Amino acid sequence: MIRRMVTNPMPQFPAGFLWGVSTSAHQIEGAADVREPSVWDVFTAEPGRVKDGSTAAVACDSYHRYHEDVALLAGLGVDAYRFSVSWPRVDSPGGLDFYDRLVDALCAAGVRPVVTLFHWDLPVALDWLERDTASRFADHVSVVAERLGDRVAKWITLNEPAEHTLLGHALGVHAPGRRLMFDALPVAHHQLLAHGLAVRALRAAGAGDIGIANSHGPTWAASEKPEDREAAEFYDLLLNRLFSDPVLIGRYPEGIGELMPGDVEADLKVIAEPIDWYGINYYAPTRVGAPQGAEIEFGGLSFPVELPFTVREIEDRPVTDFGWPVVPEALTELLTGFAGRYGDRLPPVLITENGCSYEGVDDQERIAYLDGHIRALHRAVEAGVDVRGYFVWSLLDNFEWAEGYARRFGLVHTDFETLERTPKASYTWLRDLLRAQR
Ligand code: FCB
């Protein structure tokens with residue numbers, strides 16, 4: 001049945017469309033002994049934080065096996081590889097040498113390096129509640145740009161400040177494990193400020209082609225009832241617009257600016273520093289309704305706080321092993337919605353992450369997921385949205401944050417005992433798709 005669904009030829013994407021895959025440092029590198037610690041090392045060492053009790057001390061050991069990974073990328077035939085530079089590694093002696101070697105190996109293999117400058121692994125001495133972290137980030141960015149700027153194809157300032165704020169600082173299910181609820185809002189502001197300062201630091205270092213990777217998904221109201229619609233709008237504001245409006249139009253959504261610290265008007269000018277493209281990580285839409293009780297559930301934990309919304313189930317849809325609903329057409333809706341909302345203010349868009357967790361090496365469900373989403377992306381292109389690239393999350397199974405090694409998002413299977421890599425059916429499928437696009 002799944003096999004039949006994917007036999008129609010994939011429509012052609014515009015010439016120059018950038019195909020890639022994504023990873024992040026903490027999730028794949030390992031070699032924790034040769035870098036400074038990050039907030040994730042501290043968090044995973046605390047009992048009960050990561051589901052299977054695992055840590056990312058070894059992960060996929062990509063620090064030592066990057067040649068194997070580059071060969072897998074070359075075999076896949078992607079144009080680009082999105083990876084992140086670990087700030088605590090850059091802070092350790094010789095840490096940048098690793099990225100120098102990786103970037104050289106990618107260039108030699110004809111794969112363009114796309115660098116994320118922050119993907120959640122903050123050095124332990126730093127804290128996003130502090131405004132100064134934004135300037136420290138800009139300094140770090142300058143150091144990286146000086147060293148790698150001559151070979152990096154595209155820069156991504158931050159990965160998903162929304163999730164890092166919500167999961168890490170509001171709900172405490174990610175590092176650094178704070179449960180500040182709405183008091184976590186300064187964390188969002190300081191990251192956005194860090195984004196703007198990083199754009200300036202990159203330009204000052206002569207680096208161009210800069211974007212951000214924000215997570216977005218359509219928010220669907222549970223019903224037409226005013227209380228459900230209102231709850232859905234609030235959720236949309238908090239998880240989507242709070243992170244896109246400041247970057248794209250230099251404003252916070254109504255009611256949010258006054259909750260932020262510092263000289264917000266001045267900061268917004270920095271945050272809205274023009275970027276060359278806008279990156280979207282998309283996984284699934286969310287159905288949201290009016291609050292249902294005094295507790296919220298997240299990741300198997302309950303929080304005794306009343307939020308002004310409840311996340312509801314999206315019915316009658318297949319779900320991934322993570323329980324995320326599979327709704328490809330919501331990607332078209334998301335992109336046409338973005339183009340409608342931001343108009344000329346929206347630069348070209350790249351999908352910087354999209355993917356799913358499923359077990360098994362004959363991963364027909366992943367093929368169906370990717371096939372559906374790439375077609376949905378093409379419909380957005382046909383509708384006039386200027387989409388320039390698509391990156392699958394992820395190249396290989398890796399350390400999936402609080403889920404440990406239990407969620408497998410890779411096109412390549414990782415045996416976490418032997419560290420052997422085995423391409424899955426989806427790897428071959430994507431390779432063939434890319435060949436047909438050329
Ligand atoms: C995103 C993260 C990425 C990965 C995927 C599954 O939110 O950016 O690191 O964990 O989800």
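Predicted model: local features only at pLDDT ≥ 70, side-chain atom pairs only at ≥ 80, totals over all residues.
Taken along the principal axes, the box filled by the C-alpha atoms comes to roughly 55 × 50 × 45 Å. Buried residues account for 61% of the 438 residues, and the secondary structure consists of 14 helices and 15 strands.

Strand β13, which runs through residues 387-393, is mostly covered, with 6 of its 7 residues buried. This strand pairs with two others. With strand β1 (residues 18-22), β13 forms a parallel pairing over 5 bridges, in which glycine 20 stands opposite phenylalanine 391 of β13. With strand β12 (residues 349-353), β13 is again paired in the parallel sense, here over 3 bridges, and leucine 350 has glycine 389 in β13 as its bridge partner.

Attention now turns to the spaces left between the atoms. Rolling a probe the size of a water molecule over the atoms shows where empty space is left. A search of the whole structure finds 2 cavities of 30 Å³ or more, and the largest cavity has a volume of about 90 Å³. Its lining is made up of 14 residues, of which Ile28, Ser62, Tyr81, Phe98 and Leu102 are the closest to its centre. Two or more lining residues are given by each of the elements α2 (25-28), α4 (62-76), β2 (80-84) and α6 (95-108), and the largest share, 5 residues, comes from α4. When the lining of the largest cavity is divided by class, 9 residues are nonpolar, 3 are polar and 2 are charged.

The second largest cavity holds about 40 Å³ of space. It is lined by Ala25, His26, Glu29, Gly30, Arg35, Ala56, Ser86, Arg89 and Asp121, and these residues divide into 2 nonpolar, 3 polar and 4 charged.

Open pockets were examined as well, and the second largest pocket has a volume of about 260 Å³. Among the 13 residues that line this pocket, Pro218, Asp236, Asn240, Leu334 and Gly337 are the closest to its centre. Helices α10 (226-249) and α12 (329-342) are the elements that give two or more residues to the lining of the second largest pocket, with α12 providing the largest share, 6 residues. By class, the lining of the second largest pocket has 4 nonpolar, 5 polar and 4 charged residues.

Methods: Residues numbered from 1 in each chain as written. Heavy atoms only, no water. 1 Å grid on protein atoms, 1.4 Å probe; cavity = no way out; pocket = protein on both sides within 12 Å on 5 of 7 lines; lining within 4 Å. Points joined across faces, edges and corners; volume = space filled by probe spheres on them. Helix = DSSP H or I, 4+ residues; strand = E, 2+ residues; numbered from the N terminus. Nonpolar A, V, L, I, M, F, W, Y, C, P; charged D, E, K, R; others polar. Buried < 20%, exposed > 50% of the residue type's maximum accessible area, 1.4 Å probe, protein only. Pairing = 2+ DSSP bridges.
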